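Have a look at the model first, then read on.

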Amino acid sequence: MNVIVVKNAQEGGKEGYQIFRQVKDRGGKVFGLATGSTPLTTYQELCNSDIDFSDCTSINLDEYVGLGPNNDQSYAYFMKQNLFNQKPFAKSYIPNGLAQDIAEEVAHYDQIIADHPVDLQILGIGRNGHIGFNEPGTPFDSTTHEVHLTPSTIEANSRFFDNPDEVPRYALSMGMASIMKAKHILLEAYGDAKADAIAKTIEGPVTEEVPASILQKHSDATLIIDEAAASKL
Ligand code: GLP
């Protein structure tokens, strides 16, 4: 793993932007995207740049079950607000949180991933080491699946909702095996709340109990972390 320590999320966004740029300049056409506060500075740098994704495809990691794209808490809405309105892609895929038939949606999403091998996958990390919504204990060979969110993730994500009871309990997430297929992976982490998860990811054993630790086995993974997230290394 290539670890880049930056002063803060602002600097991290600039580094993240450079990685998108390099992948794009080398002909990358498929970008795996993430939500949460972490990738925001990178998305901001992309929005402020002349990068053009109009011939590219994006595939998002995850979506809450029960929330449609017009719900302002959905990840589809987040992506429109923070990237797609300014930088549209030729085609953007996000799991359908309103799918009636979850099994069918999961199979459909796996087919989308198989048809569009990801050149660059950007990731945040949960305080418990989750990536996408792959909570601790998720098998490393998992593909897209429905997730029952852990109390700690519901609590962490409740800051975006008016009331913790409104946080969905289920999500659809790309699986660990799907994420690992990306040619290049960029994980960003900022703030001391991520320091434990980052120490375990980089220095701990590779274990399903810390989903992000599998990145130790990826041939081309970059971590951009700020000094606070690096403080337990
Ligand atoms: C959610 C998302 C993850 C994200 C994590 C951390 O659980 N599904 O993809 O990495 O939150 O969020 P934040 O970046 O806001 O700390």
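Which residue in E8 is the bridge partner of Tyr64? That would be Ala171.

1. Ground rules. The model is predicted, so to speak plainly: local features need pLDDT of at least 70, side-chain atom pairs count only at pLDDT 80 or more, and totals for chains, interfaces and linings use all residues. Numbering starts from 1 along each chain as its sequence is written.

2. E4 and E8 (residues 170-173) share 3 bridges.

3. The parallel sheet. The other one to look for has 7 strands, again an open sheet, in the order E1-E10-E9-E6-E2-E3-E5, and its pairing is parallel. E1 (2-6) and E5 (91-93) sit at the edges with a single partner strand each, so one side of each has no neighbour in the sheet. At the E5 end, E3 (residues 57-60) pairs with E5 over 3 bridges, and Thr57 has Lys91 as its bridge partner in E5.

4. Two helices. H1 (residues 9-25) and H2 (residues 40-47) have axes that come within 7 Å and cross at roughly 60 degrees. (Axes are lines fitted to C-alpha atoms, for helices over the stretch in contact, and angles run from 0 to 180 degrees between N-to-C directions.) H1 and H2 are therefore oblique to each other, as angles under 35 degrees count as roughly parallel, over 145 as roughly antiparallel, 65 to 115 as roughly perpendicular and the rest as oblique.

5. Their contact. On the H1 side, look for residues including Gly13, Tyr17 and Phe20; on the H2 side, Thr41 and Leu46 are among them. (Contact means C-beta atoms, placed from the backbone, within 7 Å.) The contact residues divide into 4 nonpolar, 7 polar and 2 charged. (Ala, Val, Leu, Ile, Met, Phe, Trp, Tyr, Cys and Pro count as nonpolar, Asp, Glu, Lys and Arg as charged, and the others, Gly among them, as polar.)

6. The ligand. 14 residues surround the ligand, the closest being Ala34, Gly36, Ser37, Thr38 and Gly124. (A residue is near if its C-beta atom, placed from the backbone, lies within 6 Å.) This shell holds 4 nonpolar, 9 polar and 1 charged.

Key: Helices (H or I, at least four residues) and strands (E, at least two) are DSSP runs, numbered from the N terminus. Two residues are in contact if their C-beta atoms, placed from the backbone, lie within 7 Å. Two strands pair if DSSP finds at least two bridges between them.
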